[in-house]
Amino acid sequence: MKLFKLGAIMFAAPLMWSMLAGGVQAQSEMELKELQKKATSYYDILYPNDTLKDWLVNNVGLEKGAGPWQNLYKPVPLQMYWFPIRHYTKPDGVYYDQLLEKYKPTDCIKCHEEVTPGFVNDWRDSTHANPKKNSRFAEKTQQIEKLIGRELKEVTCSDCHGKDHKELRMPTPDICGECHPQQTTEFMGEAERGRPNHIESLAANVIPPWYPEMFKRGYPAAQFGCDLCHAADRCNICHSRHKFAAAEGRRPEACMSCHMGFDHPDAETYGESKMGYIYHMEGEHWDWEKPLAEVVPGKDYRTPTCQFCHFDQGNGTFAHNPVKKGVWRMGTVPPTGVDYKSSIKDYPFGINLPPLNYKLDVYSPDNKKRSEQWIAVCSKCHSPRFARLYRENLDNFMFEMWRLQDVAQATVDEVVSLDALGVPIKERDIFPLGDILADALGPGLLGDAVYKAFKTTGGKVPVIGPILGLYGLFYTGKNNPSEIELDYARMWFGDKLHAYKGVAHGQQDIAWWYGAAKVYQEVNRLQSEAVNLKKLKKLDELLESKKRKGIAGILGSVIGIVVVLMFGVAVWKKKRDSKPQH
Amino acid sequence: MIFFVLSALFLIISAMWIREEFNPEWVKHQKEYYEKQAIKVEHELSSASSVKEKELLEKRLQSLKRPIYEVKQILLKGDYSWAKRQNGDKVDRCMTCHIDEGKLKDFHNTRDFPFDIYGCTVCHGGNGRALGEEKAHEGIYYHKRQMQLRMVNADVVFGFWSELATLTPEESDPNQRIEMGDFRKYSITGDKAIYVGSKKCMKCHTGLTSPHVERWQRIKFKTFERVKEAPDYIAGDDKYRKTCLKCHTTGYDEVTGTYSEEGVTCEACHGPGEIFSYFMDIGHAPEGQKIAKVGTFGTPYNICGPCHHTRGHEMRLKFFQEKGGSDEWFFPQHTAPYKAGLTDSNKAEHGVLPKIY
């Protein structure tokens, strides 16, 4: 009897287990359906109202720009490829129509193998061409098949690009989301915290006023440099087309093409840190097909990659959302916790435009939680105490950098308040779009003080310091910005961020020699510049008064002579008048 | 001669002294504030439309134009002790100078600790009674960062918590004594302490206190997995879901509707682990131990009670009565053998999951 019971249990257990597993499967299927719904309405969720759609989503071809200044500039034609949802236009022409008549839409590959062999060969290497190439992918493909309700022998051109040339489209995340809902919804999660993130990179490009201003002045093509990185609202920025390999997206190089250089030297700092060098030495032997959640640090990866730290969402989960854990927001938003002496004290100056409308509270509960997550990430390889101390050191380092920026800002503040920028502010060029900024945005968004400043001066407002002060790096007007303003912008946006990334990614040389040391130097240089500018201003005033004295002397003597002459004439006249009486 | 000079000097000095006494530092701050307010109200008045509004604003302007300069203070609960070289009533006079309430509110999230009850010095330190800047700001913690740096040992945290406990108004029920432990969910900045997540606890405690942890891992506690499958949770609106989330997640915040972890994990009973894990991480384990002992010992019913009470699932009963469905969701432990006994064919017949949409 006992044996029978045992047998029954032994029999029932696997049955139950399999049913439970089935339950989990069913559950995740339902969840996936929900996610798919969310992912395919990507643009409706991210841009919920008509204004935002009108700014960034509705396709206007190349006739209009994007964002609030869309009527002030026209995109360069290349932008149709960077921002397809906004600007893509289908090719046209007589020859093209004839071609379409001759070939059927199903003949994509036949023709494109000749025209663009790269596309086709890439695709042939991809999992899309062979969705069940190994057991892992076969399982995933089955899940997708269930989700979309048809069998997938291969994912062909028409699945993403539309059924034929007449409705040809450039794939956007909502199209990827039909089959890859989880990844897309994870990516959508980036927008929750506002800029900086990948999704709003177009907004970050076209909402600042310098883009249209430079178009007005006849330099539209120069802005193209921003677009190559800022077209990040897509899946193929990391999983490059037409291979779309997950393995490629897991490698640091996927990030490095954009995350490098002046204001975010991530590639340099990570790549040249000890972690980066271990990756360079050993990375090619690692198994990049392994999902991040299954990676065992020290065994699979001997050193972290960008994704291994930044995609970590805590509790052993990973997601396509590198911004969720970010605390310092790329080092551009002034933190509370520094006793500012300069005008940063009043930041954001009443401006009510996100993301310019807040100061960063590094010790708020949310941010503390993020810091704890970071410590947990570092503790996968380091001791928790080391990790915590490193994290605290980064915070303290950033506070120091902000204190230095405060000194710099105070220096420039003083020069600005004396109007000693070389050329008087009234005679300089405007702030980008300064002439229409106040009317376009109104006091509600700009705040009373800023609105008034722009309104009364006609846009000739000196703007220095956090975020908007970097306009000088994107704009050139007559005598605006001046050298001291430029130096300051370069210091906080370039040098300070080099220092930040250097510390954060563990690259000591960039942290010091290309970062903090340069910040120190730049603060000193700003102070000397300020002394000179103030001297020049004094000199100007003295010369002005001397000139005034000279003019006054000439005027005085002229008046004196005239008076003497008139007096003489009067006396002479009186004498002549009195003569005939005698 | 010398006498005259000296007496003149004396007179001048006493005049200066009297002037200073009648014109203290804080009057300047108040003057500045009232002037600013007057300008603001004038601005509003010029754009006001209705008669009633105008009257009100005019009245305000009148009072602002002739302000009464006075020391403002909050009378706090408790006394200063002789040991602190102070005595008498506990007062915070910070708002005598920091008079702009709007500005204060912008900087503080005073949901949990309104400053008219708790004052300022409890978090910020300094000298609440003093009226000069130098004296009042002695040993002050300006920002959260400095408050955070204050946390060198457990006693500092205990001091902070017991200060909060003394300041809190008494409940009408004399049995409910407010204790230091009631505030252990607050970090030293006065914000809600954060939940670090069970993964972090598990790092050390899988080995250290294995029977306790094993039991937790083996049974129950993963209730949220069941909740997520429940038809009423799926069909319910946010308000309905809230009632589930409250007990079946860890670190649920009723105001924001967010939680730290699914299921009942370490911090659901032991409280948020921010301060404890901080001391453990930096290697001050004895301090961490002191923190851990506050609250969980001695008052276990307070911790289990909020969730484990009778009729906690009454809203579910109502839901199923209204919309129909099987009662198997009430007793999930009874359904498992029932499910296991079903074959695929009669599974389809009976329909294991009740459908409610």
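At what angle do helix 23 and helix 24 of chain A pack, and how far apart are their axes? Let's find out, keeping in mind that this is a predicted model.

**Two helix pairs in chain A**

Helix 23 of chain A covers residues 434-446 and helix 24 of chain A covers residues 448-457; the two pack at an angle of about 160°, with their axes 8 Å apart. Angles over 145 degrees count as roughly antiparallel, and therefore helix 23 of chain A is described as roughly antiparallel to helix 24 of chain A. Their crossing is left-handed.

Which residues make this contact? From helix 23 of chain A come Gly434(A), Leu437(A), Ala438(A), Gly442(A), Pro443(A) and Leu446(A). Helix 24 of chain A answers with Asp448(A), Val450(A), Tyr451(A), Phe454(A) and Lys455(A). Sorted by class, the contact has 7 nonpolar, 2 polar and 2 charged residues.

Now look at another pair, formed by helix 25 (residues 483-505) and helix 26 (residues 508-578) of chain A. Here the packing angle is about 160° and the axes lie 7 Å apart, which makes helix 25 of chain A roughly antiparallel to helix 26 of chain A. This crossing is left-handed. The contact between helix 25 and helix 26 of chain A has 13 nonpolar, 4 polar and 8 charged residues.

The table sets out the packing of each pair.

| Helix pair | Packing angle | Axis separation |
|---|---|---|
| Helix 23 and helix 24 of chain A | about 160° | 8 Å |
| Helix 25 and helix 26 of chain A | about 160° | 7 Å |

**Two domains in chain A**

Zooming out, chain A is divided into domain 1 (252-324) and domain 2 (328-553). The C-alpha centres of these domains of chain A lie 31 Å apart. Where they meet, 17 residues of domain 1 of chain A are in contact with 16 residues of domain 2 of chain A.

What supplies the largest share of the domain 1 side? Helix 18 of chain A does, with 4 residues. Helix 18 (266-271) and helix 19 (274-282) of chain A each supply at least two residues of that side. By class, the residues of domain 1 of chain A that touch domain 2 of chain A divide into 6 nonpolar, 5 polar and 6 charged.

**Where chain B meets chain A**

The contact between the chains takes 21 residues from chain B and 23 residues from chain A. On the chain B side, the elements that give two or more residues are helix 8 (144-149), helix 10 (198-208), helix 16 (274-281) and helix 20 (332-341) of chain B. The residues on this side of chain B divide into 6 nonpolar, 5 polar and 10 charged.

Note on methods
Residues are numbered from 1 along each chain as its sequence is written. Chains are lettered from A and ligands numbered from 1 in the order in which they are written. This is a predicted model: local features need pLDDT of at least 70, side-chain atom pairs count only at pLDDT 80 or more; totals for chains, interfaces and linings use all residues. Domain bounds come from an automatic or database domain assignment. Two residues are in contact if their C-beta atoms, placed from the backbone, lie within 7 Å. Ala, Val, Leu, Ile, Met, Phe, Trp, Tyr, Cys and Pro count as nonpolar, Asp, Glu, Lys and Arg as charged, and the others, Gly among them, as polar. Axes are lines fitted to C-alpha atoms, for helices over the stretch in contact, and angles run from 0 to 180 degrees between N-to-C directions. Angles under 35 degrees count as roughly parallel, over 145 as roughly antiparallel, 65 to 115 as roughly perpendicular and the rest as oblique. A crossing is left-handed if the near helix is turned anticlockwise from the far one by less than a right angle, and right-handed if clockwise.
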